[in-house]
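Thanks for coming, everyone. I'll take you through one structure this morning, strand by strand. Here it is on the screen.

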Amino acid sequence: MSKIDLSVIIPVYNEASLLNVLYERTTVVLKKIGLEYEIIFIDDGSKDGSEEILKKLAAQDVFVNIFSFPLNQG
């Protein structure tokens with residue numbers, strides 16, 4: 001991966017139903033901008049399957065990183 005020009009940090013807490021749409025819309029915009037980017041999802045102890053969805057997104061896209069907290073930190 002080359003240098004990162006832009007980091008998008010997205011906090012997540014029980015957002016499973018929205019994550020795929022959020023990811024798709026975010027990547028469309030970022031690709032149009034033309035900068036080297038990364039998307040960092042920070043899962044704050046979700047209990048609705050958000051972490052599993054994020055892991056799938058990260059596995060299919062090298063520009064996606066996730067950090068997960070075991071408990072909600074607020």
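One definition before we start: buried means under 20% relative accessible area, exposed means over 50%, and partly exposed is in between, with a 1.4 Å probe and protein chains only. By that scale Pro11 is exposed, with a relative accessible area of 70%.

Now the ground rules. This is a predicted model, in which local features need pLDDT of at least 70 and side-chain atom pairs count only at pLDDT 80 or more, while totals for chains, interfaces and linings use all residues. Residues are numbered from 1 along each chain as its sequence is written, and side-chain values use heavy atoms, with hydrogens and water left out.

Back to Pro11. This residue lies in strand β1. Helices (H or I, at least four residues) and strands (E, at least two) are DSSP runs, numbered from the N terminus. Pro11 has a bridge partner in β2, namely Ile42. Look also at Asn72: in sequence Pro11 and Asn72 are 61 residues apart, and in space they are 11 Å apart, C-alpha to C-alpha.

Next, how the strands line up. Two strands pair if DSSP finds at least two bridges between them. Strand β1 covers residues 6–12, runs parallel to β2, and is joined to β2 by 7 bridges. Leu6 is bridged to Tyr37 of β2. On to β3: 6 bridges join β2 and β3, and these strands are parallel as well. Phe41 sits opposite Ile66 of β3.

Which way does the chain cross from β2 through α2 to β3? That β-α-β crossover is right-handed. The term means that, with the strands pointing away from the viewer, the path from the first strand over the helix to the second runs clockwise. A right-handed β-α-β unit is also made by β1, helix α1 (residues 16–33) and β2.

Stay with β2. How many of its 8 residues are buried? The count is 7, so to speak a mostly covered strand by the cut-off I gave.

That brings us to the core. A nonpolar core is a set of buried Ala, Val, Leu, Ile, Met, Phe, Trp, Tyr and Cys residues joined through side-chain atoms within 4.5 Å. The largest one here has 13 residues, and Ile39 and Phe41 touch the most other members. Two or more residues come from each of β1, α1, β2 and α2. The most come from α1, with 4 residues. As background, nonpolar side chains in soluble globular proteins tend to be buried together.

Zoom in on Phe41. Contact means heavy atoms within 4.5 Å. Leaving out residues up to four places away in sequence, Phe41 touches a list that includes Ile10, Leu22, Leu54 and Phe67.

Now aromatics. Rings of Phe, Tyr and Trp (its six-membered ring) pair if their centres lie within 6.5 Å; planes under 30 degrees apart count as stacked, over 60 as edge-to-face, and the rest as tilted. That rule gives 1 aromatic pair. The partners are Tyr37 and Phe63, in a tilted arrangement with 5.1 Å centre to centre and 35° between the planes. Tyr37 is in strand β2 (residues 37–44), and Phe63 is 26 residues away, in the loop between α2 (50–60) and β3 (64–69), so the pair links distant parts of the chain.

Charges next. A salt bridge is a side-chain nitrogen of Lys or Arg within 4 Å of a carboxyl oxygen of Asp or Glu. The structure holds 2 of them. One joins the side chains of Lys3 and Asp5, at 2.3 Å from N to O. Lys3 is exposed at 60% relative accessible area, and Asp5 is partly exposed at 36%.

Another joins Lys55 and Glu51, whose closest N and O atoms are 3.7 Å apart. Lys55 and Glu51 are 4 residues apart in helix α2, so about one helical turn separates them. Lys55 is partly exposed at 48%, and Glu51 is partly exposed at 26%.

Last stop, Asn14. This residue is in the loop between β1 and α1. Asn14 is partly exposed, at 31% relative accessibility.

That's the tour. Over to you.
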